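Please keep the sequence and the 3D view open as you read.

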Amino acid sequence: MHEPAQLDLFFSLVLALFWEAAPFLLLGSLVGAVVECYLSREFLARHLPQGRVGAVFLGLGAGMILPTCECGVVPVVRRLLDKGVPPTTALTYMLAAPVINPVVLISTYVAFQGQLSMLLGRVVLVAITAGAVGFYFSRRSIADIVRPTAPLPGQAQIQPLGVMLPAEPHPAGCECGCGHDHTTGQKGIKQVLVRTAEEFMHMSLYLLAGALAAAASKAFLPVSVLTAVQDNLLLSVVALMALAVLLSVCSEADAFVAASFLGFPPAAQLSFIALGPMLDLKLLAMFGGAFRKRVVLVLAVLPTVLVFVLSIVWGWLWW
Amino acid sequence: MVVVRPNRLFASLEALILAGLGLFMLTLSFSQDYWMLLNPKFRWLTGSAGGLLALCGLVAALAAGRRSGPLKTLVLAALLMVCLAWDQGAFSQPGVGTDAGPFTHSQKERIASRVTRDGHEYIKINLAELFVLAEKGDQAKLKQRYVLRAQVVETPNLKGKGRFALVRLSVYCCLADAVWVGFLATPVDGAFPPMGSWVAVYGALELRPNAPEKSEAQLDKRTNRVSAINQRYLFKADKVMPIQPLAVPYMFEIRPEEPYAY
């Protein structure tokens, strides 16, 4: 059959995954840079809700009106957190935005040939999971969430090569060699482009790591074992959740892939399209580049558990 | 531990490499081999993002006060080299399509949507479109005759049942979400086409007796690719014609109505 040899396939998959995601990562970096340069902390402090429930709904609402692919949302959220947006809002938005936007909802509707149960199931599962994760982090400070290498006012940075450097914004030409933000508060297209380039370069390393892992999974792991469990609800949900994490398919295309698993129960298909945009190998790597290890662990475990439980409940109730 | 302090040289280098990656994206969007990685409908997106990335890289290279370390520079350089190596390999492959350029119209608009053979009229359709049509169960459309292009898959088990499979890879966004889509088919006069060959098959769908309620997804053991083979219908072939391998073998488009993407 027409297909590259296994090693060629691996490299082709790495490039396909990276270049598919790159425009969205660039867009996310651009939005993050605009946030960095033009959105003030004072404005956000005045206009953001203080309560946790309001913060969750703001995150979900932002996900609907500011659609962002999962590859682009991480740099945006990192910048929002830097600007003082509450973690509840930012993390709810991060997990919900790749799914509850019009483009993905339409693709889900089309892929499942008008099955409203799958569409609504996807929205509900992701909204509940994203809200729960946001709620979990509501008592945490931003410094507890964002990785130290991301610039945080008043906090020392640990560079990848082990050099401890100050993080207070300071003017260019200071010769401190810190390599981080010298431009906070500066505006203009040039600053936006420079910030975009820096953010893209930083996050692209993690995207690349995720693409390598996902491509290796797709090219070399024997996925045929999954067919053995397709008649068992619990095991099939676990199997397709694992596949969603390994394949790292874009949220705009994953419904079509899920719809091709016709022998699997709808609950398993639902778990595939609910978990994938919130957690996959690409995202895990990018989470690692933006957030602290403990946060990455929660972002991996909590959605997995919730999607599993909710998918099973959904399967028992409706099918 | 060797500590290399971030400096301006690395910062300028990595920014220039970033600009190079942007230029690669821009070139890729015009490449004839774009389809090997991504659905051609995203050419405009790749090209636009490439232009913006190149601009960001150039501006960052010229910006004062930036510092960086060697690690990021090396990784980005390695990525650029892999891209360039892939690009050369892809361009050197024979038989690639000529439907290049990011903004060209697809070929389907330029060809007739039906063909007549041996007194019967056949609708041109691709396997993914036929698969969707079969799943929807529109009886009027299911009774039509179709011609499709596919690769042949034979297994001892299938051959024992007097069948072979017709498959083609369907790509929605990129190679990572590719799914083999296909139908089981019956040979004409017991003649099985060679395994792996490309064929144009003329025929019609036939409901299988005792067929499972739903089609079964199968995961191809040889390629690790997800595959969806329709189990409810057989494609009963009137004629199987060997054809040259398609220049662009993947299916990127699924149209609900004629003219189908074919």
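In chain B, 73% of the contacts between residues at least 6 apart in sequence join residues at least 24 apart. Two residues are in contact here if their C-beta atoms, placed from the backbone, lie within 7 Å. For chain A, residues 24 or more positions apart account for 79% of the contacts with a separation of 6 or more.

This is a predicted model, in which local features need pLDDT of at least 70, side-chain atom pairs count only at pLDDT 80 or more, and totals for chains, interfaces and linings use all residues. Residues are numbered from 1 along each chain as its sequence is written, while chains are lettered from A and ligands numbered from 1 in the order in which they are written.

The table sets out the two chains. Helices (H or I, at least four residues) and strands (E, at least two) are DSSP runs, numbered from the N terminus. A residue is buried if 20 or more other C-beta atoms lie within 10 Å of its own, exposed if 12 or fewer, and partly exposed in between.

| Chain | Helices and strands | Buried residues |
|---|---|---|
| Chain B | six helices, eight strands | 42% of 262 residues |

Starting at the N terminus, chain B has the element order α-α-α-β-β-α-α-β-α-β-β-β-β-β.

Now to helix α12 of chain A, residues 266-275. Nine of its 10 residues are buried, so α12(A) is largely enclosed by the rest of the structure. Among the buried ones are A:Q269, A:F272 and A:I273. The buried residues of α12(A) pack against α6 (102-111), α7 (116-136), α10 (233-247), α11 (254-259) and α14 (293-318) of chain A.

In the loop between α11 and α12 of chain A you will find A:G263. A:G263 is buried, with 20 other C-beta atoms within 10 Å. A:D231 is 32 residues away from A:G263 in sequence, yet their C-alpha atoms are 7.9 Å apart in space.

How do α4 and α13 of chain A lie relative to each other, roughly parallel or roughly perpendicular? The axes of α4(A) (residues 70-82) and α13(A) (residues 281-290) come within 10 Å and cross at roughly 15°. These two helices are therefore roughly parallel, a term for angles under 35 degrees. At their contact, A:E70, A:C71, A:V74 and A:R78 in α4(A) meet A:K282, A:L283, A:M286, A:F287 and A:A290 in α13(A).

Key: Axes fitted to C-alpha atoms, helices over the stretch in contact; angles between N-to-C directions. Parallel < 35°, antiparallel > 145°, perpendicular 65-115°, else oblique.
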